[in-house]
Amino acid sequence: MPDDAVPGHLLDTDELGRTVMARNDEGWCAAIDPYHLRCTIYSQRPAICRQFSMGGDDCRTVRQDYRRQQHDLSTLFSPIHP
Ligand code: SF4
């Protein structure tokens, strides 16, 4: 958004030419502290993050998708019992 002031090293350009948050090797936002799961630029976070409602419908959908992915991965790599 025009008024966003995110540090440039945390930005990337998507396939449509839009400016987006860069992602780390695991696909998480580059601004996240992966050990504490906190935003490292909280006071400078972009407007879309400010509008995201913790515990809201979108939040719950993202959490469900993440849990589903984790479950699928654990199933994929679990030992096969005869
Ligand atoms: S609040 Fe926004 S900028 Fe901060 S870590 Fe989360 S997605 Fe990234």
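Colleague: What distance separates the centres of domain 1 and domain 2, taken over C-alpha atoms?

Modeller: This is a predicted model, so read every value as computed from it. The two centres lie 23 Å apart, taken over C-alpha atoms. Domain 1 covers 1-51 and domain 2 covers 53-82.

Colleague: Now the ligand. Which residues are around the ligand?

Modeller: M21, C29, A31, I32, C39, P46 and C49.

Colleague: Where does the ligand sit?

Modeller: In the largest pocket.

Colleague: On to charges. How many salt bridges does a search of the whole structure find?

Modeller: Start with the general idea. Side chains of opposite charge can pair when their charged atoms come close. Here the search finds three salt bridges.

Colleague: Which residue does R18 meet in a salt bridge?

Modeller: R18 meets D14, at 2.7 Å from N to O.

Colleague: Is D14 buried or exposed?

Modeller: D14 has a relative accessible area of 14%. The cut-off for buried is under 20%, so D14 counts as buried. R18 is partly exposed, at 46%.

Colleague: Which residue forms a salt bridge with R60?

Modeller: D57 does, and the closest N and O atoms are 2.6 Å apart.

Colleague: What is the relative accessibility of D57?

Modeller: D57 is at 57%. Exposed means over 50%, so D57 counts as exposed. R60 is at 43% and counts as partly exposed.

Colleague: Which residue forms a salt bridge with D65?

Modeller: R68, with the closest N and O atoms 3.0 Å apart. D65 and R68 also lie in helix α2. They are three residues apart, about one turn of the helix. D65 is partly exposed at 36%, and R68 is partly exposed at 48%.

Colleague: Next, the backbone. What is the phi of L37?

Modeller: The general idea comes first. Most residues other than glycine have a negative phi. L37 has a positive phi of about 50°, although it is not a glycine.

Colleague: Where is L37 found?

Modeller: In the loop between β3 (32-33) and β4 (38-39). L37 counts as exposed, at 55% relative accessibility.

Colleague: Last topic: sequence separation against spatial separation. What distance separates the C-alpha atoms of D3 and R50?

Modeller: 12 Å, for two residues 47 apart along the chain. D3 has its place in the segment before β1 (11-13). At 75% relative accessibility, D3 counts as exposed.

Colleague: How many residues apart in sequence are Q69 and I32?

Modeller: 37, with 20 Å between them in space, C-alpha to C-alpha. Q69 lies in helix α2 and is partly exposed, with a relative accessible area of 49%. I32 is one of the residues around the ligand.

How values were computed: Residues numbered from 1 in each chain as written. Predicted model: local features only at pLDDT ≥ 70, side-chain atom pairs only at ≥ 80, totals over all residues. Heavy atoms only, no water. Near = heavy atom within 4 Å. 1 Å grid on protein atoms, 1.4 Å probe; cavity = no way out; pocket = protein on both sides within 12 Å on 5 of 7 lines; lining within 4 Å. Sits in = over half its atoms within 2 Å of the grid points. Salt bridge = Lys/Arg side-chain N within 4 Å of Asp/Glu carboxyl O. Buried < 20%, exposed > 50% of the residue type's maximum accessible area, 1.4 Å probe, protein only. Helix = DSSP H or I, 4+ residues; strand = E, 2+ residues; numbered from the N terminus. Domains from an automatic or database assignment.
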